[in-house]
Structure formats: C-alpha cells, structure tokens
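Q: Please take a close look at a single part of this structure and describe how it is built.

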Amino acid sequence: MPRRSEEMPQGSMTPIRLVERRNKVQIPPDGVQRGRRLHSIRRRYAQLLRRYLFENLEEVLLEVYELGREAVVDELGLLSIAEMHHEAMGEIFSGNRDIQFSDNHYRMAGVVLSEFLSAYEMTSRGYREASTAMRHLNEMLEDEIRRIAHAIHDGAGQYLACVHISLYAIAKHVDDEGKKELRKAHELLDELERDLRRISHELRPRVLENSGLSGAVEFLADSVIKRTGLAIHVEDRIQRRLPSTIETALYRCIQELLNNAVKHAHASNVWILLEERRHLIHCEVRDDGVGFDASAALVHEKGSQLGFLGIKERVAVLGGGLEIESSRGRGVRVVITLPAQG
Ligand SMILES: Nc1ncnc2c1ncn2[C@@H]1O[C@H](COP(=O)(O)OP(=O)(O)O)[C@@H](O)[C@H]1O
Ligand SMILES: [Mg+2]
C-alpha cells in the first residue's frame, strides 16, 4: 500500500510544506529516523492488537494508549492509523485460518483502536485550548500595538507641538542667525513628526479598520516603497471585507514577509497576491531575491529568528496552512491559506 511521505496529526490542521527545489527537500532532516519510528509503531500496534484479542489482558490497553501517545508525537496521521489497523487485522485474520472470529473479536479490536485514538482526542483538546489561548494573546497584542501606535501618533504629536511653540517663543529673543538655526530645528521636528506618523500608521494603520485589508496592504506597500525603493506589486482579487481576525493576521504576516524581503532578499521586486477560492483565502508573497534554504525556515527555535515561526503560529490558530518555497538564488514564495470564515 502506498505510504505518504509526510503525515500530519489531524488535530494540528496546519499543513506546513517546505520545498527546497534544487535539493528536493520535502521531508524534515530527521525523516529517515521518523520513518523507522513509524514502522516500529505499526509493528507494535499489530502485536498489541493480537495480544488483546487472544489474551484479553486489560494492561495491554494501557500499552496501546502509550503507543498512541508516541504516534501523536511522531505525527502519525489519522488516515494512516486507519490503514495500520486495517493491515494489522488483515495479518491476524489471514494468519489464523483455523480460528473462528466472532463479533466479540471485532468489538475487542474496536476497543484497541479507540484506546489508541484516545491519545489523539486528548491532544486535539489540548490543541484547541492552546489555539484559544493563542487567539486571546494575539488580540491582547493587537490592543497593545494599537495603544502604542496611538501614543506615538497623538502623544508624541502633542509634545512636538509644544516644542514648536517654545521655539517660536525663543525666536523672539534671538538674532537673525539664531532664527535661521531655529527654522532648521522646526524642519527637523516636522521630519520627525512625519516619521513618527508613518511608524504609527505602519504599526496599526487606521485604514485596516476603515477600509480593510486591501487598503492597509496598499498603504504598507507604498510606505515600504518610499522607504526602500523596492518595487512592490499588489494584486488584490478579494473584493470584500474579511473577518477582522483574518485581516489583522494577514496584515501582520505580509508585514513580516515584506520586512524579510527588505532585510534578507536583496530583491528588486515583490509580488503580493490576495484571492479567495472555494471558501479559502490565499495570500501569496513572492520575491526575486537571493532565496534561502527553506527547510531551515522553521527550525530556529532560539534566538531572534521568530518571523516565520510567528507567521506559522498566527496561521495555525486560524486553522490555516503555510507553504514556504525557495532555493538559493531563485527568490522566495510564501503561500498562506486561511479558511474564509475566520
Ligand atoms: N525573502 C527572503 N529572502 C532570503 N532569505 C530569507 C527571506 N525571508 C527569510 N529569509 C531567511 O530566513 C531566515 C528566517 O527568517 P525569519 O524567520 O523571518 O527571521 P528573521 O527575519 O528575524 O531573521 C532569515 O534570517 C533569512 O536568512
Ligand atoms: Mg523576519
């Protein structure tokens, strides 16, 4: 029977596919070892099933549960479990032609399968709880960002206005040379104010609340173009407002991906595409920069490289998927897919 090379736990709902084209990296570096562990799980499952059917010992169920937990850790998918159970039953049945299988045997086999799956039930409940907590954290973070953006925009604006007034007052007591210096100071303050406004809008653009994701992405792209000279091409085919959780998450992801394009890619162009297909929102951000080894993108657990991990988490709590495709010298393509209902 064909085996899938990457099996996802059904509870996590976040297919993360990494493709490093040149080296054809499609499984994690520890893929071979994982393959062995999955094989060992299948073998032990068949043994435990056999023992339970013929010896009917309660303690076997405990071992089955532990094996289920191991399978959760190794991300054995639910479809593969069904397949594994089916195969184990097939082996036991075809190897014991002289034994009569009763309804009771089938019922007991069902008990073994349920016991194995109960580890998954616990995990998916934990996952749902963690997702809810993460959503709340994201909402708190957005509130905090809104507060900081407001403080920069309005708070700093007021201080600057006071400084302007003081400078006008000083101007009355200084000679022409002094007045010239003060005019320069006014100009610098104006520049500072423009910068602070830009930062505050980038942090939390009002346009995201007022005219939605399209407006906010246009605004962000314009701002990055002015700041860096990078050519950013935005194509937005979604002609409606999305739930605010999705708009905010996508805005934050695109912001990080644009930061990456500026910081790491040495790209000339970035293309952003937003579209809705069959109740799924697709967001693609692509650049023509230097590229990198995509298989390493999500393994920096320590240190400062939280960009892709942050995106992965934001996408995961909304039940979406993330695909990072790159090879050295051939740019980066990131595709985020989210269920449209948020
Ligand atoms: N667009 C890109 N082009 C080239 N390399 C990239 C790009 N995006 C990310 N990378 C590489 O992936 C690494 C991880 O990115 P990320 O998780 O955003 O962390 P950070 O930006 O903090 O380094 C970066 O350090 C960089 O080496
Ligand atoms: Mg980054």
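A: **A buried position and a helix pair**

Thr-248 counts as buried, because 23 C-beta neighbours lie inside 10 Å (the cut-off for buried is 20 or more other C-beta atoms within 10 Å, for exposed 12 or fewer, with partly exposed in between; C-beta atoms are placed from the backbone). This is a predicted model, in which local features need pLDDT of at least 70 and side-chain atom pairs count only at pLDDT 80 or more, while totals for chains, interfaces and linings use all residues. Residues are numbered from 1 along each chain as its sequence is written, and chains are lettered from A and ligands numbered from 1 in the order in which they are written.

Thr-248 sits in helix H7, residues 244-265 (helices are DSSP runs of H or I with at least four residues, strands runs of E with at least two, numbered from the N terminus). Its C-alpha atom is 9.7 Å from that of Ala-216, 32 residues away along the chain. Of the 342 residues of the protein, 24% count as buried.

The protein has eight helices and six strands. Their order along the sequence is β-α-α-α-α-α-α-β-α-β-β-α-β-β.

Among the helices, H2 (residues 58-73) packs on H4 (residues 103-171) at about 45°, the axes being 8 Å apart (axes are lines fitted to C-alpha atoms, for helices over the stretch in contact, and angles run from 0 to 180 degrees between N-to-C directions). H2 and H4 are therefore oblique to each other (under 35 degrees is roughly parallel, over 145 roughly antiparallel, 65 to 115 roughly perpendicular, and the rest oblique).
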